[in-house]
Amino acid sequence: MTTASLAPAPIRPAKAPKVGIVSLGCPKALVDSERIVTRLRAEGYQIAPDYEGADLVLVNTCGFLDSARDESLGAIGEAIESNGKVIVTGCLGAEPDVIEKAHPKVLAITGPQQYEAVMDAVHTHLTPPHNPHMDLVPESGLRLTPRHYAYLKISEGCNNRCSFCIIPKLRGDLVSRPIHHVLTEGEQLVRAGVKELLVISQDTSAYGLDVRYKPEVWRGTEYQTRFLDLAKGLGSLGVWTRMHYVYPYPHVDNVIPLMAEGLITPYLDIPFQHASANVLKAMKRPAKQDKVLERILQWRRDVPDLAIRSTFIVGFPGETEE
């Protein structure tokens, strides 16, 4: 027996998944494609030169002119016929109904410059190659809070225009995170040992308004991107869940029964800011404040141990001693 026969078989590296990309439209769209390709390569994906060698195809579309729209729809159809697994992004992606009507088999559709959404779609339909450096980071990410609690951000920005607030200027209009992403993050945090989730945003009760309460699937069940379904999903994780920065809109009433059942912590952070109707009007605060006390009384009848935390502004212009 030779020594060569005793040597272990060489370890062959796992085959890197390959993504093909079709880039249409103007130079701005080309830059978007370059950024996406850069992200893909940084994560270990290979770029396929043709349909046959790709595990998935990404089509970056243009929708500026009718001819460009036709070209984009044609490119999507060609990719589906030649490969079968297609994700669509770019300008025509801002009109998903047009794409879905022409090509119902596309895996996902995102709009222009939505790099994170593109990467999320790729991750969903084509598992990323193993990155040993990622083993150094826990699944739930690195946090600056103690181990037993964590903040869970569900959206950015705000559609309200309160006269004292600069948030919309700094962070823009409401942009809700997809509900299955939020619930998955919450699940990862619980697995990491978190016992208390603190839900935060600028206006938690407006969650999903910007995406028309788009439904998504989590754990095999459909959840709408809205406050109530968010509470139901987080309530299933078996930990304390505190709802922060909730405006007292009527639909908040629907979450109170979940508190009565013990699924959601009987706690609401409601930034009332003031009690005077005149001052609230000057503040341009949303919701009908004259119904707030009536609503709180009903909540307390339903959930006697409900805790409410709030903030108030003193010295607002036009406020009197009365």
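Q: At what angle do the axes of α1 and α4 cross, and within what distance do they come?
A: In this predicted model, the axes of α1 and α4 cross at roughly 45° and come within 11 Å. Axes are lines fitted to C-alpha atoms, for helices over the stretch in contact, with angles from 0 to 180 degrees between N-to-C directions.

Q: Is the crossing of α1 and α4 left-handed or right-handed?
A: The crossing is right-handed (the near helix is turned clockwise from the far one by less than a right angle).

Q: Which residues make the contact?
A: From α1 come Asp32, Arg35, Ile36, Arg39 and Leu40, and from α4 come Tyr115, Glu116, Val118, Met119 and Val122. Contact means heavy atoms within 4.5 Å.

Q: How do those residues of α1 and α4 divide?
A: There are 6 nonpolar, no polar and 4 charged residues in this contact (Ala, Val, Leu, Ile, Met, Phe, Trp, Tyr, Cys and Pro are nonpolar; Asp, Glu, Lys and Arg are charged; the others, Gly among them, are polar).

Q: New topic: how many cavities of 30 Å³ or more are there?
A: The structure has 1 (a cavity is a set of 1 Å grid points over the protein atoms alone where a 1.4 Å probe fits but cannot get out).

Q: Which residues line the largest cavity?
A: Its lining (residues with an atom within 4 Å of a point) consists of Asp32, Ile36, Asn60, Thr89, Gly90, Gly111, Pro112, Gln113, Gln114, Tyr115 and Val118. Two or more of the lining residues come from each of α1 (27-42), β4 (86-90) and α4 (115-125); helices (H or I, at least four residues) and strands (E, at least two) are DSSP runs, numbered from the N terminus.

Q: And by class, what does the lining of the largest cavity have?
A: The lining has 4 nonpolar, 6 polar and 1 charged residues.

Terms used:
Residues are numbered from 1 along each chain as its sequence is written. This is a predicted model: local features need pLDDT of at least 70, side-chain atom pairs count only at pLDDT 80 or more; totals for chains, interfaces and linings use all residues. Side-chain values use heavy atoms; hydrogens and water are left out. On a 1 Å grid over the protein atoms alone, a cavity is a set of points where a 1.4 Å probe fits but cannot get out, and a pocket is an open set with protein on both sides within 12 Å along at least five of seven lines; lining residues have an atom within 4 Å of a point. Grid points are joined across faces, edges and corners, and a volume is the space filled by probe spheres set on the points.
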